[in-house]
Amino acid sequence: MNLNNYVGFDTVTRQIERKFLKRGFNFNVILVGETGLGKSTMVNTIFSAHLIDSKGRKTATEPSRKTVDITPVTHLVEENNVKMRLTIVDTPGYADQVNNDQCWQPIINYITDQHRSYLEREASPSRDRLIPDTRVHCCLFFISPSGHSLKPLDIEVLRHLTQVVNVVPVIAKADSLTPEERAAFKRRIKDELAFHRINVYPYASDEDDAADKALLQTVKDLTPFSVVGSEQTFEVNGQTVRGRRHRWGIINVEDETHCDFIHLRDFLTRTHLHDLVETTAHMHYETFRYQCMSSPANASPASSHPAAPVAEAMTNGAN
Ligand SMILES: Nc1nc2c(ncn2[C@@H]2O[C@H](COP(=O)(O)OP(=O)(O)OP(=O)(O)O)[C@@H](O)[C@H]2O)c(=O)[nH]1
Ligand SMILES: [Mg+2]
């Protein structure tokens, strides 16, 4: 047998791509942070649509409302024939109670309930070939732009969250800090995360080649991303830009000299989307699964949240 004959198995990547195009994929993001930091606004800024409309808000000009419940909303987004079922889980801001003890627990419960529901389906004798993936792939964690340091409660919440989900920290409402204050605040947060051994996403891997390492370093340098959210658009030099009007001018959220929003969006959609999904399955879900298998008490349902998303809408990714 001549091993040098072309047999054609290099087409496997195209075969996989075809299957992938047919099936589409799920991407689930949760937003966590103190109340009023712009979580709901940021969702609409990233995905350019009024994805969160759970309280009957119809236009961007209506004032935003306080989120009162953990609300998953699923949208079908399509770009160049690739279909994504995007679920955004908006959460009420924590830390607005007199006693904030355990205020993170409902969010942790939501995340582990999705793992539990996946595990139940996976372990069922008549399991589906394709289990709907409601596991949370990414947690955007909003830090208040105080310019000082992380609050003790933030550190506590981050400690719990990083055990169960990929956490991407962002400095919210970065327009309230000068560029110098922002850079100093970023440095301070990096130091605090390192000091408290809080391991945020992305993680280094043994499989990383030189290009992966360079990309990882770029993201580490940018983390925590300083972001500005807005649902409004303005005319600047004949161009329509998404931004915020201040007395001294307009902040263009997509201008990288104004904030890191564009880097965050590219990171979430262009460079790390697949890795976020994979890391969730191979690291966070595996840890949960291992804990359940080794101590069945952990597997008992504590669920207050159904795995199924609450709403579906068709959104064109191009808008
Ligand atoms: N200056 C500034 N204001 C912002 C920004 N993002 C949102 N806001 C404003 O902050 C207010 C609260 O925004 P929301 O998006 O409702 O905040 P939230 O974090 O979802 O609030 P809760 O649901 O109560 O937790 C609104 O008036 C927004 O217009 C930002 O980047 N900069
Ligand atoms: Mg909200």
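Arg-265 counts as buried in this predicted model, at 18% relative accessibility, where buried means under 20% relative accessible area, exposed over 50% and partly exposed in between (1.4 Å probe, protein chains only). Its salt-bridge partner is Glu-254, with the closest N and O atoms 3.6 Å apart; a salt bridge here is a side-chain nitrogen of Lys or Arg within 4 Å of a carboxyl oxygen of Asp or Glu. Arg-265 sits in helix α7 (residues 261–271) and Glu-254 in the loop between β9 (249–252) and α7, so the contact ties together parts 11 residues apart in sequence. Helices (H or I, at least four residues) and strands (E, at least two) are DSSP runs, numbered from the N terminus. Glu-254, for its part, is partly exposed at 35%.

The whole structure turns up 10 salt bridges. One of them pairs Glu-122 with Arg-289 (3.7 Å, N to O). Since Glu-122 belongs to helix α3 (residues 105–123) and Arg-289 to helix α8 (residues 273–294), this pair links parts that are 167 residues apart in sequence. Both ends are partly exposed: Glu-122 at 23% and Arg-289 at 29%.

Arg-289 also meets Glu-286 in a salt bridge (3.8 Å, N to O). These two are 3 residues apart in helix α8, about one helical turn, and Glu-286 is partly exposed at 35%. Through shared partners, Glu-122, Glu-286 and Arg-289 join into one network.

Residues are numbered from 1 along each chain as its sequence is written, while chains are lettered from A and ligands numbered from 1 in the order in which they are written. Local features need pLDDT of at least 70 and side-chain atom pairs count only at pLDDT 80 or more, whereas totals for chains, interfaces and linings use all residues, and side-chain values use heavy atoms, leaving out hydrogens and water.
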